[in-house]
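Student: Could we go through this structure together, one question at a time?

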Amino acid sequence: MAKKKSIKIADFIKNIKAIRAEIIESKSVIESALFSSRTEFTQNLFNSIMKKKGTKVF
Amino acid sequence: MPIGLIFMKWNEITGNEILTKYPEEVEISERNLMQIFDTHDFSGEKGLISLMVGSLNIISWYSGPDTNYCITLLLNIDDDPDDYQDGLSEVSQIILQNLEDDIYLDIIPSLYQKIVQYPSLSFEQKLAVTYNNEIKRSLLIQLREEGIILKSDLTDWLQERYLKGFGNLDTILFELVQKGIIEIISVKGERSLVVFFINDINMFRVSPFKILKNSHESGLPNKLHKTYVIDSQDFFNNYTISELDNLEVVERLINPSFYEMFSLLRKGAIIKKKNERLSVKNSDIIRILEKSKMIKSYIDTEGNVYYALISDFYIDFHIPQYILNIIKTAHDNNLKSDVVLLKYLDLLENVSNDLIKKIKSK
């Protein structure tokens, strides 16, 4: 079962800033990015949409 | 509504040579053909142009000065050429991939129908059309793995993979740029333009939330509605997102007859009264939808049959958030230059901020 992680864009931007800092300052800021793989991201997206019943129905 | 399609090639000795046209009876003067080709030639670029030639409203795709193929769609005066841009671009790729043994001659009628229908496709169908294209899908899969690819490497990779030819890479990339899937930028220190992956296409089945709510929404009798809800939940308890399943559904979405039926099923169950007979076409669609577990049939005490949607489908663009892990790995292992990686982070941040603005403005 995939761990529930935030797919919020604001959290994604925080991660972008952290990795940018790592590259510019050449030091390790974060252990790993928010999602380790596309499969994990897609599963989280699926879980999020299934939870928000009715908000994303075509 | 388009008038017809003309596929031609510029020949240095004989001039414009019509390779085929559809429908057969469509007419265009030599002078008009020359004007179309001259406009392409003047721009010197591969890709699409729209123009008025006399009373003709035209959108035309050009393969570039190396190969000199033109695929021209003749439109009615009140047609908007922009509506046919993606459809013509898509079909032009398919025609060029089928030049060998003149295979294109057999598929022109169905390709023409595709172009005609394109403006009426829904957003999700247009995404499905893009994803159903084998070359575009291959590019997406490659971009999902790397995030950043040099354009020259992409050309080599496609040439190796599609020995028979993959059409015109610039046209494919242009379409992906227009859809907001990629950005192509010149980065200092890189030997070629760099392709950055900024939007992915995600898809999976989802619950038919709205019609599961109650029997009023589903159109099923109360007793059957309860069974229906359990069946749909059971389906999702055992559901795993799979590329194979997605491709199967995508193929259904782009088929107009299936999509029409699917759209009806999204509004509620379709009822077949006792003794009523479905057309052969509808029976086939229902059989296939049942087989792929998208719908299930229920019979009430009076013998009426209800076809209800067990699983709906979701397809949309999403910023590839997982790509940060690939960027981090590329940096940790010195796989890409810092300049390129920082440029990519900037692009992803811009796309994210644009999305936030868009959401807030709604």
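Predicted model: local features only at pLDDT ≥ 70, side-chain atom pairs only at ≥ 80, totals over all residues.

Student: Let's start with chain A. How many helices and strands does the secondary structure of chain A come to?

Tutor: Chain A has 58 residues, and 24% of them count as buried. Its secondary structure comes to two helices and zero strands.

Student: How many residues of chain B are in contact with chain A, and which element of chain B gives the most to that side?

Tutor: On the chain B side, 30 residues are in contact with 30 residues of chain A. The elements of chain B that give two or more residues are β9, α8 (209-212), β13, α14 (323-332) and α15 (338-361). By class, this side has 15 nonpolar, seven polar and eight charged residues. The element that gives the most, with nine residues, is α15(B).

Student: How do the residues of the contact of α1(A) with α15(B) divide by class?

Tutor: From α1(A) come Ile9(A), Phe12(A), Ile13(A), Ile16(A), Ile19(A), Arg20(A) and Ile23(A). They meet residues of α15(B), among them Asp338(B), Leu341(B), Leu345(B), Glu349(B) and Ser352(B). The division is twelve nonpolar, one polar and three charged.

Student: α15(B) also meets a helix of chain B. Which residues of α15(B) does α14(B) meet?

Tutor: The axes of α14(B) and α15(B) come within 10 Å and cross at roughly 165°, which makes the helices roughly antiparallel. Here too the crossing is left-handed. Ile327(B), Ala330(B) and His331(B) of α14(B) meet Leu341(B), Tyr344(B) and Leu345(B).

Student: Now for strand β9(B). Why is β9(B) largely enclosed by the rest of the structure?

Tutor: Strand β9(B) covers residues 200-206, and a residue counts as buried if 20 or more other C-beta atoms lie within 10 Å of its own. β9(B) is largely enclosed because the buried residues number six of the seven.

Student: Which residue is the bridge partner of Arg205(B) in β13(B)?

Tutor: β13(B) covers residues 312-318 and runs antiparallel to β9(B). Seven bridges join the two strands. In β13(B), the bridge partner of Arg205(B) is Phe313(B).

Student: What is the order of the open sheet of five strands in chain B, and which are its edge strands?

Tutor: The order is β2-β1-β5-β4-β3, with antiparallel pairing. Neighbouring strands are turned by 25° against each other on average, direction ignored. Each edge strand pairs on one side only, and these are β2 (15-22) and β3 (47-53) of chain B.

Student: Which residue in β4(B) stands opposite Leu51(B)?

Tutor: Strand β4 of chain B (residues 56-62) is joined to β3(B) by seven bridges, and the two run antiparallel. Opposite Leu51(B) stands Ile58(B).

Student: Which helix packs on that sheet?

Tutor: The helix spans residues 30-43 of chain B and touches β1 (4-11), β2, β3, β4 and β5 (69-75) of that chain. Its direction makes about 135° with that of β3(B). The helix is α1 of chain B.

Notes: Residues numbered from 1 in each chain as written. Chains lettered and ligands numbered in written order. Buried ≥ 20, exposed ≤ 12 C-beta atoms within 10 Å, placed from the backbone. Helix = DSSP H or I, 4+ residues; strand = E, 2+ residues; numbered from the N terminus. Pairing = 2+ DSSP bridges. Contact = placed C-beta atoms within 7 Å. Nonpolar A, V, L, I, M, F, W, Y, C, P; charged D, E, K, R; others polar. Axes fitted to C-alpha atoms, helices over the stretch in contact; angles between N-to-C directions. Parallel < 35°, antiparallel > 145°, perpendicular 65-115°, else oblique. Left-handed = near helix turned anticlockwise from the far one by under 90°.
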